[in-house]
Amino acid sequence: MNHIRLILALLVGKTLIIISRLLGNQGSSFPGKMALRIYPGILSELAAQVKGKIIVVTGTNGKTTTSNMLASIITETGAALIHNQSGANMLSGITTAFIDKSSITGRKQFDCALLETDEANVPLLLREIDPGLLLITNFFSDQLDRFGELDTIINKIKDAVNNREIDLLLNADDPLTAHFQDLSSASRYYFGFAATSYDSYDSRENREGRHCVICGQELEYRRYHYASLGQFTCLGCGSHNPELDFTGHNLVMNPTIELMVDDLEINSPYQGFYNAYNVLAAAAAARMLDINKQHIQRAIANYQPQAGRMETFHINGIPAVLILVKNPAGLNQSITAVIQDQTYKNLFFALNDNAGDGRDISWIWDADMEIIEEEQNRIKHIVCSGLRSGDMALRVKYAGYPVDRLEIKTDLKEAIEHITQLECEKIYLLSTYSALFECRKILLELQKRTAKTPDRIPARG
Ligand SMILES: [Zn+2]
C-alpha cells in the first residue's frame with residue numbers, strides 16, 4: 001500500500017515539477033509539498049536510496065555559497081548527486097529535489113545528497129533523514145532582536161544531533177559553536193583561520209557572539225577575522241577556540257581569494273573574508289569526504305559567483321559587482337570587501353522593506369558603516385535606491401560621508417543607469433533580497449546595451 005502511495009506521490013510531484021519549469025520556476029517547493037501530502041514518508045524513503053553520505057549544510061551566512069561550491073566539487077568527481085536549490089531549502093523544497101532526480105518507482109540509487117537548509121529547519125529535517133555530515137557555517141542573528149531565538153535554535157539542533165552517528169563540521173572561530181562541546185556521541189571537527197593580515201584587534205562591528213555560551217562572561221578576543229569570528233578566550237571559565245582540524249592560512253585577497261587549507265593551495269574568483277570562510281568550509285567538507293585535492297582545487301577555481309553573490313557585470317567596460325545584503329553582519333562583510341579593493345569605486349545601495357527583506361530596517365544602523373567616509377577607501381559616489389532609499393541615505397550621511405557626493409534615486413532603473421554614468425573604475429551594488437533580481441535584470445540589460453560591437457574589419461584579401 002505504501003509503495004503505491006509512494007509511486008502516486010512521485011507521479012504527482014514529477015508532473016508538478018514539469019509544469020513549474022514550464023512556468024519558469026526553478027527551485028520550487030510546491031511539488032514536494034503536494035507529494036508530502038499524498039505520502040508523508042516520501043522524503044525518508046527516497047533518502048534511504050542514497051548509498052553514500054547525506055550532507056546537510058546550514059548556518060546563518062554563507063550556506064548557499066558553501067553548499068554550491070561543495071556541490072561543484074562533488075560533481076567534479078563524477079558522483080551522482082542530489083542537491084536542492086537555495087530558494088527551496090525547507091522540507092518541501094528538499095523533497096522536490098529528491099523527486100526530481102528519482103525514478104518513478106523510487107528505487108533509483110544515488111551516491112550522495114547535499115542538502116542546504118535553514119538553521120530552524122534542521123531538527124525537522126533530521127527526523128526524516130540520517131545525514132553522515134552536518135556542516136554549520138556560522139551563527140549570526142539576522143536582526144538583533146532575534147538573539148534569544150538563535151540560542152533556542154542552536155539548542156534544538158544540538159538535541160537533534162545528540163546520540164546519533166553524525167560528524168559535525170563546525171566553525172572554530174565562532175564562539176556560538178561552543179554549544180556543541182558537551183555532545184555525547186556525535187563527532188566534532190573544526191575549521192578556522194590562523195592569523196591573517198586582514199585581522200583587526202579592536203573593531204566597532206556588531207558582535208552577537210561576544211559572550212561565553214558556557215558561563216555567560218564576556219569573551220576577550222586576541223584578534224577578529226570578521227564580525228564575531230576570531231580568536232577568543234573566556235575570562236570566566238577559560239573556554240577558548242577548539243583545536244583546528246582544517247586550518248586556513250596564508251590568505252591573500254587581491255581582490256580574489258588565494259589561501260592554503262592545510263597543505264592544499266586554493267584560488268577562488270570570489271572576494272571578501274566571508275567568502276574565504278565559505279571556501280575554507282567547502283574544502284574542509286570535501287577533505288572529510290575523502291575527495292582528492294585536484295578535484296577540490298579545480299572545482300573551486302572554476303566556481304563562478306551566482307546572482308547576488310558577487311556576480312560581475314560589465315557596463316561600458318566597467319565592472320559592476322552585485323552583492324546581496326540582508327543583515328548587519330552581511331553588510332559589514334560586504335563593505336569590508338568593497339574597501340579591500342583599492343580601485344576608485346562608486347557604491348550603490350538598494351534598500352527595500354518588503355516581507356522578504358524584513359519590514360524593520362533598523363538593522364542598517366547596527367552595521368559598521370563609518371569606514372565608508374575615509375578618504376583612503378576611495379569611494380567616489382554613493383547612490384541610494386529602493387523603497388527605503390531615504391533611510392539608507394540618512395545612514396550614509398550619519399556615517400560621515402560627504403553629502404555632495406551622495407544621491408537618492410528611489411527608482412531602481414533610473415538609479416542604476418545614473419550610477420553607471422558617474423566616473424569610476426568599478427561599481428559595487430549592495431541590494432536587499434526583494435530588489436536583487438530587478439537590479440540583476442537592469443544590469444543584464446545595460447550590459448547588453450553597452451557591449452561594444454566591434455568595428456567591422458574588412459574581409460581578408
Ligand atoms: Zn566562560
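A polar contact is a pair of N or O atoms within 3.5 Å; within protein, one must be able to donate a hydrogen and the other to accept it, and residues adjacent in sequence count only if both atoms are side-chain atoms. Here's one to look for: the side chains of Asn278 and Thr66 are joined by a polar contact of 3.1 Å. Keep in mind that this is a predicted model, where local features need pLDDT of at least 70, side-chain atom pairs count only at pLDDT 80 or more, and totals for chains, interfaces and linings use all residues. Residues are numbered from 1 along each chain as its sequence is written, and side-chain values use heavy atoms, leaving out hydrogens and water.

Asn278 sits in helix α8 (residues 273-288); helices are DSSP runs (H or I, at least four residues), strands likewise (E, at least two), numbered from the N terminus. With a relative accessible area of 5%, Asn278 is buried (buried means under 20%, exposed over 50%, partly exposed in between, with a 1.4 Å probe and protein chains only).

Now for the metal. Cys212, Cys215, Cys234 and Cys237 coordinate the zinc ion through their SG atoms, at 2.2 to 2.3 Å (donors are N, O and S atoms within 2.8 Å of the metal, or 3.2 Å for Na, K and Ca; water is not among the atoms, so sites may look incomplete). Cys212 lies in the loop between β6 (187-193) and β7 (219-226) and Cys237 in the loop between β8 (229-234) and β9 (246-253), so this pair ties together parts 25 residues apart in sequence. Cys212 is buried at 6% relative accessibility, while Cys237 is partly exposed at 39%.
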